[in-house]
There are 2 protein chains.
Amino acid sequence: MNTTMLNAIAEPNRLRIVELLRESPSPVGEIATKLKLRQPQVSKHLRLLSEAGLVRAYPNAQQRIYYLQAEPFKELDRWLETFRKVWKDRLDNLNDYMKELKEEEKLNKKGAGQ
Amino acid sequence: MNTTMLNAIAEPNRLRIVELLRESPSPVGEIATKLKLRQPQVSKHLRLLSEAGLVRAYPNAQQRIYYLQAEPFKELDRWLETFRKVWKDRLDNLNDYMKELKEEEKLNKKGAGQ
DNA sequence: TCGTTGTATTCATATATAGGAATATACCTG
DNA sequence: CAGGTATATTCCTATATATGAATACAACGA
């Protein structure tokens, strides 16, 4: 998994931008207005998101309409998949661990009490 | 979606730690050895991961065995789900946008040629 | 061409944090 | 209790970056 992508969405305002673009493509000014951010900051965040491959833009007169790219999200999804696969077994193992742990605690208390 | 969780895995070494713990629970020293990191750094990263709710530890003598928590990953999965839902429609819309754009370009070129 | 609108960039500053070194803390064994 | 092992914390420094302010750049309309 790519930390560039994760880093891009780990910043609160960028996450909000992404969630806004999830609803519909938007020009920079509209993003700034809706999220109550200043335009230069939005442009900078979009630059980072763009470099991370999360968004693209197409020009419409002076505007630049930004929209999401699917691929990075799919990559994140594939990464999560590797966790889902292991998850069930792991939880079982964990329960075993915890049971063992509890048994040990009981034994220790018994031992201490002697 | 929670940026604390994202921030936690956005750091390369922490991501490696998470991926290592995905294989099996491990004590700090083992993580340090396998990832060729210094022990204090690993402890610090684990602290952050712990505060973000991604890991927990149970004691085993002097060791602390760290293991992953499922919930934050499930939350991330649910967040991604909101994208998957929109994805298909969005791609169609995008195609429409792009078609419109291309049409506009053609018209502009025609106009410029006059 | 000029003014306007929309966006990007540059520069400076403040803040956050990753890493190194040293040390503290906790627990085990003899 | 002493020594050893495993982990956590503290202090310091360097680096990254989010923000604000000012400005540059680009494209439109009159």
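User: What makes B:Tyr58 buried?

Analyst: Its relative accessible area is 8%, and buried means under 20%, with exposed over 50% and partly exposed in between (1.4 Å probe, protein chains only). So B:Tyr58 counts as buried. Bear in mind that this is a predicted model, where local features need pLDDT of at least 70, side-chain atom pairs count only at pLDDT 80 or more, and totals for chains, interfaces and linings use all residues. Side-chain values use heavy atoms, with hydrogens and water left out, residues are numbered from 1 along each chain as its sequence is written, and chains are lettered from A and ligands numbered from 1 in the order in which they are written.

User: And how do you know that B:Tyr67 is buried?

Analyst: B:Tyr67 has a relative accessible area of 7%, so it falls under the 20% limit too.

User: How many aromatic pairs are there over all chains, and why is the one between B:Tyr58 and B:Tyr67 called tilted?

Analyst: There are 8. B:Tyr58 and B:Tyr67 sit 5.8 Å centre to centre with 45° between the planes. Rings of Phe, Tyr and Trp (its six-membered ring) pair if their centres lie within 6.5 Å; planes under 30 degrees apart are stacked, over 60 edge-to-face, the rest tilted. So 45° makes this pair tilted.
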